[in-house]
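Biologist: Hi! I have just opened this one and I'm new to it. Could you walk me through it?

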Amino acid sequence: MNKTVLVLGGGWGGLAVAYRLRGQLGAEHRVVVIEKNDKFSLGPVNLWVMTGDRKYPDDVERPLSALVRKDIEWLQAEVTGIDPVNKTVQTTAGTLNGDYIVIALGSESYPEGVPGFVGNAYNLFDAAGAARLHDALQQFKGGKIVIFVSNTPFRCPPAPYEAALLIESMMRRRGMGDLTEIHLYTPESQPMPVAGPEIGAMLRQMVEGRGIKYHPNEKVMRIDGSSKKIIFEGDKESNYDLLIGVPPHRAPRAVVGAGLTDSSGYIPTHPQNLRVLANVEELETRLPGVYVVGDSASITLFNLKPLPKAGVFAEEQAATVASNIASDIRGEEQRAVFDGKGVCYIEAGDGMAAEGSGNFYAYPNPRISINPPSPEGHKAKEEFEKLLTTWFA
Ligand SMILES: Cc1cc2nc3c(=O)[nH]c(=O)nc-3n(C[C@H](O)[C@H](O)[C@H](O)COP(=O)(O)OP(=O)(O)OC[C@H]3O[C@@H](n4cnc5c(N)ncnc54)[C@H](O)[C@@H]3O)c2cc1C
């Protein structure tokens, strides 16, 4: 019997699922990606757009129309409803039925969630926003740059720290280091709390060692553009000359509307087979044939913190899910498991990045190590961009 796999979302995780599946399934089976945008973009490249090492949009975006060359169907539509029991998906372009559903709708940012964000803060998490930020940094004549994180969890936990380090390097190289103050405010108690206190202390040392002022446990309440002030919980405030925000994140409406989310705001997901969980403690799954990959998933680690939202995990999860769907279609046992291991590269400026790697599924805490920044780390991070050629050549 010919089967149809509906992949909801054509971002990093969704496209990884679609390409992997296409490589493992015969042409008689359909792989359909439902994505509202007509372009794919790769988050990490935003940082290099900010520094001016990459140009927006040419170095960042690729047209999803290219998927057809790989025998992947792309429906440009918004998912408006998911019936995971009957494997039916409502979209703005009609209703589709599938044999398998892979939810890869990510985590959406909504800057309007912080009053005053829109119009006053540069949004690093938006490629066009990163390009505008680049122009603003080029024109910056010195003063106070404030970077803030709106809420947790957010995509790519090291990103604000990378932004701070890259900006410090840019300003120093332009001979403006002494004229520039950089402050980083976050509601987190330390950098990357999931990785434990030692890694947090190392990352904190990385930023503070470069003169960046770090302010943990600060929750932004609003921004007053007329007085150029950012106001935090408890009526604390800071002035700024240039403001950069990590916007608030939440699960997309279609994910919440499907009734699949829990108190984490995202979909409780089996850590190894990426199926929706009915009971988190017992790891009891439900909804056979329905999988979640990437940022829409909530995977609780042994230390009770969530697995970070990162493309490297979305891609590995996609490989697991694609392999298991292909096995199921062939009538074989689903054996692939996602092991919680991953590598991230923390841009440190001056052409260097620190490589962090480890096992997030280790007990009782993730076992992570970080190497000092090196040119090799930076080159390894640039390897992410290969996806743009592999998928869209
Ligand atoms: C600045 C920045 C730097 C980053 N750096 C790194 C890094 O160095 N390493 C790393 O591993 N990760 C990094 N990330 C994180 C990474 O980009 C995400 O974790 C990854 O994209 C998650 O993949 P995903 O498929 O779950 O979600 P996404 O890639 O966000 O894809 C979700 C897709 O679903 C679509 N969608 C949502 N709702 C609907 C709907 N209702 N109907 C149709 N389509 C819909 C969206 O348009 C989107 O295309 C970074 C992110 C940013 C923003």
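**A first walk through the model**

Modeller: Happy to! Strands here are DSSP runs of E with at least two residues, helices are runs of H or I with at least four residues, and both are numbered from the N terminus. This is a predicted model, where local features need pLDDT of at least 70 and side-chain atom pairs count only at pLDDT 80 or more, while totals for chains, interfaces and linings use all residues. Residues are numbered from 1 along each chain as its sequence is written.

Biologist: In which sense do strand 12 and strand 13 pair, and over how many bridges?

Modeller: Strand 12 and strand 13 (residues 180-185) are parallel, with 6 bridges. Two strands count as paired if DSSP finds at least two bridges between them.

Biologist: And what is the order of the 5 strands in that open sheet?

Modeller: The order is 11-18-12-13-14, and the pairing is parallel. Strand 11 (122-123) and strand 14 (213-215) are the edge strands, each pairing on one side only.

Biologist: How many bridges link strand 7 and strand 8?

Modeller: Strand 7 (residues 88-91) pairs with strand 8 over 4 bridges, in the antiparallel sense. T91 stands opposite G94 of strand 8.

Biologist: Changing topic: how is the protein divided?

Modeller: Into domain 1 (4-36 + 77-107 + 251-338) and domain 2 (109-248). Those bounds come from an automatic or database domain assignment. The domain centres, taken over C-alpha atoms, are 32 Å apart. Their contact takes 8 residues from domain 1 and 6 residues from domain 2, where contact means C-beta atoms, placed from the backbone, within 7 Å. The side of domain 1 that touches domain 2 has 4 nonpolar, 1 polar and 3 charged residues.

Biologist: What goes into those classes?

Modeller: Ala, Val, Leu, Ile, Met, Phe, Trp, Tyr, Cys and Pro are nonpolar, Asp, Glu, Lys and Arg are charged, and the others, Gly among them, are polar.

Biologist: Where does the ligand lie?

Modeller: Between domain 1 and domain 2, because both give residues to the shell around it. Of the 35 residues around the ligand, G11, G13, G43, G106 and G294 come nearest. A residue counts as near if its C-beta atom, placed from the backbone, lies within 6 Å. The elements giving two or more residues to this shell are helix 1 (12-24), strand 2 (30-35), helix 2 (45-51) and helix 7 (311-329). By class, the shell has 17 nonpolar, 12 polar and 6 charged residues.

Biologist: How many residues of strand 25 are buried?

Modeller: 7 of its 9 residues, so strand 25 (residues 341-349) is mostly covered. Strand 25 runs antiparallel to strand 26 (residues 352-359), joined by 8 bridges, and E347 stands opposite A353 in strand 26. The two strands form a hairpin with 2 residues between them, and D350 in the turn has a positive phi of about 55°.

Biologist: Where is a peptide bond cis?

Modeller: One is from T152 to P153, with omega near -5°. P153 sits in the loop between strand 12 (143-149) and helix 4 (159-173). Another cis bond joins Y363 and P364, with omega about 5°.

Definitions and conventions. Two residues are in contact if their C-beta atoms, placed from the backbone, lie within 7 Å. A residue is buried if 20 or more other C-beta atoms lie within 10 Å of its own, exposed if 12 or fewer, and partly exposed in between; C-beta atoms are placed from the backbone.
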